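Biologist: I would like to learn how to read a protein model one feature at a time. Could we begin with the helix and then go on to the strands?

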Amino acid sequence: MQHRSTSHLDFPDASCVDCGNRYLRRIPGRGFLQNKVLAFLGFFPWECPICRQVGYFRKQGGDGGQG
Ligand SMILES: [Zn+2]
């Protein structure tokens, strides 16, 4: 039997969970939870400009740093 490691929750990159748009924009977190706790865990809020869906991805973005 074959086992595929791909998971619905394991996105290779930040993309809209609703429409699949990959051109999301980073939005500032609201409150202590999003700014501190999620950032500490490595998750950052991204918003889809098309359907306004907000998702959390392990991608900070913004500065386009290396690595
Ligand atoms: Zn979307």
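Modeller: Gladly, and please keep in mind that this is a predicted model. Helix H1 covers residues 31-41, and because the number of buried residues among its 11 is zero, the helix lies largely in the open.

Biologist: How should I think about directions along a helix, and why do some residues point the same way?

Modeller: The general idea is that an α-helix has 3.6 residues a turn, so residues three or four places apart point the same way. For a case in this structure, take Leu 38, which is found in helix H1.

Biologist: Is Leu 38 buried, partly exposed or exposed?

Modeller: A residue is called buried if 20 or more other C-beta atoms lie within 10 Å of its own, and exposed if 12 or fewer do. Leu 38 has 15 C-beta neighbours inside 10 Å, so Leu 38 counts as partly exposed.

Biologist: Which residues does Leu 38 touch, if those up to four places away in sequence are not counted?

Modeller: On that count, Leu 38 touches Gly 29, Leu 33, Phe 43, Phe 44 and Tyr 56. Leu 38 can also be compared with Arg 58, for the two are 20 residues apart in sequence and 9.5 Å apart in space, C-alpha to C-alpha.

Biologist: Now to the strands: in what order do they lie in the sheet?

Modeller: The three strands form an open sheet in the order E1-E2-E3, with antiparallel pairing. Strand E1 (25-26) and strand E3 (54-57) are the edge strands, each of which pairs on one side only.

Biologist: How many bridges join E1 and E2, and which residues are partners?

Modeller: E1 and strand E2, residues 44-47, pair in the antiparallel sense over two bridges. Arg 25 has Glu 47 in E2 as its bridge partner, while Arg 26 stands opposite Trp 46 in E2.

Biologist: What joins E2 to E3?

Modeller: Four bridges join these two antiparallel strands, and in one such pairing Pro 45 stands opposite Tyr 56 in E3. E2 and E3 form a hairpin with six residues between them, and in the turn Arg 52 has a positive phi of about 65 degrees.

Biologist: Which residues of E2 are on its covered face, and which on its uncovered one?

Modeller: Phe 44 and Trp 46 make up the covered face of E2, whereas Pro 45 and Glu 47 make up the uncovered one.

Key. Residues are numbered from 1 along each chain as its sequence is written. This is a predicted model: local features need pLDDT of at least 70, side-chain atom pairs count only at pLDDT 80 or more; totals for chains, interfaces and linings use all residues. Two strands pair if DSSP finds at least two bridges between them. Two residues are in contact if their C-beta atoms, placed from the backbone, lie within 7 Å.
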